[in-house]
Amino acid sequence: MDAEPTPRSIDALNHRCEFEPTGASQFLGVIVWTDDPEVEPTVIVDRSPVALARTVAVTIHEMLEDSEAYTGATEFLQSNPPPQDWVLPEDVDAWMEVLREATPYPAYSFHRVPTTGGADGTNHTVVNRYLQHARQEREEALAPDPSPSTVAGRSAGRHLGR
């Protein structure tokens, strides 16, 4: 099974899930904190894509609040609604899209992973292949580009700003 394309937003994932045949699925949220390959991403799993989106957003928000590593984080957090103001799922999605537009890191993605078969209901072969493929894609995306034009323009990836 090939990995599904990563939707740009949790709304796209929800919309797609409404019209696909349903089976047991888990939803993964992956947070990549930096372009440093030594820093492991955070992976969050939930059965609900809406709950997952909120958890991913709150996790990112808390990291931005607690860390001095992201230049411009204070200004970003002050100019966008805090988690307690996110009433609807669309509020969470809007905050995450503003984050995506403001900075390359922290980056996030959502994935739907089927969980059928196996003694515990999980088809481990399919899930492992899917996760391996997702990790390879992320590693390739984070791999340094040897071309001189991109080396000169590359940032550390820890800057929030427009």
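So, which residues of α5 are buried?

What we have up here is a predicted model. The protein has 162 residues, and 38% of them are buried. In terms of secondary structure, we get six helices and three strands. If you walk along from the N terminus, the order is α-β-β-α-α-α-β-α-α.

A quick word on the overall fold. Take the contacts between residues at least 6 apart in sequence: 65% of those join residues at least 24 apart.

Okay, back to α5. This helix covers residues 124-142, which is 19 residues. Counting 1.5 Å a residue, you'd expect a span of 27 Å, and the end C-alpha atoms sit 26 Å apart, so the two agree.

Now the answer to my opening question: the buried ones in α5 are V126, V127, Y130, A134 and L142. Look down the helix axis and those buried residues fall within an arc of 135°, so they line one face of α5. Why does a spacing like that work? An α-helix has 3.6 residues a turn, so residues three or four places apart point the same way.

And what does the buried side of α5 pack against? Two strands: β1, residues 25-32, and β3, residues 107-114.

Note on methods
Residues numbered from 1 in each chain as written. Predicted model: local features only at pLDDT ≥ 70, side-chain atom pairs only at ≥ 80, totals over all residues. Heavy atoms only, no water. Helix = DSSP H or I, 4+ residues; strand = E, 2+ residues; numbered from the N terminus. Expected span 1.5 Å × (residues − 1). Buried < 20%, exposed > 50% of the residue type's maximum accessible area, 1.4 Å probe, protein only. Arc of directions from axis to C-beta. Contact = heavy atoms within 4.5 Å.
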